[in-house]
Amino acid sequence: MRFPAALLVFFAAAVSFTLAQSVPAPKVQAADDIYIHARIYTGIGFEQDRPQVVEAMAVASGKILAVGTTEEIRKFAGPQTRVHDVDTAHTGTYIFPGFNDAHLHLGMAGQTKIHVDLTGVHSLKEMLYLVQAVAEQMQPGHWITGGNWDQTLWG
């Protein structure tokens, strides 16, 4: 038995529509924490000097689930979700990605970068060479400072 093409198209569309209606929408993972009313720099666009900034973020198990508007991110709220109102407008609190550091003294790190940076030096000879190169560029009587060597790299 042959069916008209229009009838087959109608039948296929009806089956597709029925299947689409019977498949439940995917569940959104509930966040442990949601941050709203914030100024959050995502890390995207820094290279182009156009950082992406959003107002809300959902986090679960220490990982960011999503960023976006407060309305979009509230969809990740579950019964146990803690909602934090960052209130950047009044608190001046901002959220930035990746400012992670095991240990740093910012002033000293800056000083090291403008003097002799001995990071990765593998011997006393190499260290002395770098210090001498800087000394040749300095005015007499000027102190030479530096640091960041790791003597465990030395033979």
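Tutor: Arg82 counts as partly exposed, at 47% relative accessibility, where buried stands for under 20% relative accessible area, exposed for over 50%, and partly exposed for values in between, computed with a 1.4 Å probe and the protein chains only. Keep in mind that this is a predicted model, in which local features need pLDDT of at least 70 and side-chain atom pairs count only at pLDDT 80 or more, while totals for chains, interfaces and linings use all residues. Residues are numbered from 1 along each chain as its sequence is written, and side-chain values use heavy atoms, with hydrogens and water left out.

The side chain of Arg82 meets that of Asp33 in a salt bridge, at 2.9 Å from N to O. The pair joins distant parts of the chain, with Asp33 in strand β1 (residues 33-36) and Arg82 in strand β6 (residues 82-85), 49 residues apart; strands (E, at least two residues) and helices (H or I, at least four) are DSSP runs numbered from the N terminus. If a salt bridge is taken as a side-chain nitrogen of Lys or Arg within 4 Å of a carboxyl oxygen of Asp or Glu, the count comes to one.

As for the setting, the protein has five helices and eight strands, which run α-β-β-β-β-β-α-β-α-α-β-α-β from the N terminus on. Contact here means heavy atoms within 4.5 Å, and of the contacts in the protein with a separation of 6 or more, 57% are between residues 24 or more positions apart. Buried residues make up 18% of the 155 residues. Accessible areas come from the Shrake-Rupley method with a 1.4 Å probe, with only the protein chains shown counting as cover for residues; the protein exposes about 12300 Å², of which carbon and sulfur atoms supply 60%.

One further buried residue is Thr70, with a relative accessible area of 9%, and it lies in helix α2 (residues 70-73). Leaving aside neighbours within four places in sequence, Thr70 is in contact with Ile36, His37, Glu55 and Ala56.

Rings of Phe, Tyr and Trp (its six-membered ring) pair if their centres lie within 6.5 Å, and planes under 30 degrees apart count as stacked, over 60 as edge-to-face and the rest as tilted. The whole structure holds three such pairs. Among them, Tyr41 and Phe46 are stacked, 6.4 Å centre to centre with 20 degrees between the planes; Tyr94 and Phe96 form a tilted pair, also 6.4 Å centre to centre but with 40 degrees between the planes. Ring pairs link Tyr41, Phe46, Tyr94 and Phe96 into a cluster.
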